[in-house]
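Let's take a friendly walk through a protein model together. Have a look at the structure below, and then we will visit a few of its side chains.

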Amino acid sequence: MHSLSIGQTVITPQLITFINSASGQVICQDSSSAFIHCNGNKPSTPSGWEALTAVEDSLNKDAVQLKAYSGKWVYIDEQEQMKLTDNVNIASSFYIIQAKYSDTSLYFESKATQKLIRASGKNGDALTVDGQKENGQIPEDCRFNQIGYGTFDNREVTNFQSKVYPELAWKTGSSDYVFLNNALISSGWESIIVVPNGGWDHLISKFRK
């Protein structure tokens, strides 16, 4: 049994789209592939190749089986890959877990000034540490979503995507500044190493030089 997370209660059968919260990519299928994979095409409503139909599992009323646009069923193979089959009898069952939080974005506050890292929204602009709370709330341009994890030079790295400007993430290469860049990846110059700084709740970002 496998678990998938979406932000709504499922009443089957129902078309649903799954979006990776870290990369923003959509789980989909195309006519030439035997696999379920991800791409960047985010539909306004679940439809076509970027949608799956959730159908109640006849053996477990609390679970669903997933049917692709091609009519094939989703199953998990021995390599833990999502693949497609014509045989509903080997289709995998999934629990759909309602999202607990609607906003899982992050913010970064300077210990020295209590100011927040802020994105201007312009590709190439330096990130600034001049954001301030508004009526106790974190402004949207000071919020970032984590772009998964990667590995570079045998170090675990990550990156951060602006919440309000989702086409922009952080970059540090060949510059004295950490700046906004339109590559949503976690590798090379487009990556951040986060290391402990004196306590479990205090972190600093170590930027590649």
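A residue is called buried if its relative accessible area is under 20%, exposed if over 50%, and partly exposed in between (1.4 Å probe, protein chains only). This is a predicted model, so local features need pLDDT of at least 70 and side-chain atom pairs count only at pLDDT 80 or more, while totals for chains, interfaces and linings use all residues. Residues are numbered from 1 along each chain as its sequence is written, and side-chain values use heavy atoms, leaving out hydrogens and water.

## Aromatic rings

Across the whole structure, a search finds 5 aromatic pairs. Rings of Phe, Tyr and Trp (its six-membered ring) pair if their centres lie within 6.5 Å; planes under 30 degrees apart count as stacked, over 60 as edge-to-face and the rest as tilted.

One of the pairs is Phe 108 with Phe 160, which is edge-to-face, at 4.9 Å centre to centre and 70° between the planes. Phe 160 is buried, with a relative accessible area of 3%. The ring centres of Phe 144 and Trp 170 are 5.3 Å apart and their planes meet at 85°, so this pair is edge-to-face. Both Phe 144 and Trp 170 are buried. Together, Phe 108, Phe 144, Phe 160 and Trp 170 form one aromatic cluster.

## A serine to visit

Is Ser 191 buried or exposed? Ser 191 counts as buried because its relative accessibility is 0%. A polar atom of its side chain lies 2.4 Å from the backbone oxygen of Gly 188.

Key:
Polar contact = N/O pair within 3.5 Å; in protein donor to acceptor, adjacent residues only side chain to side chain.
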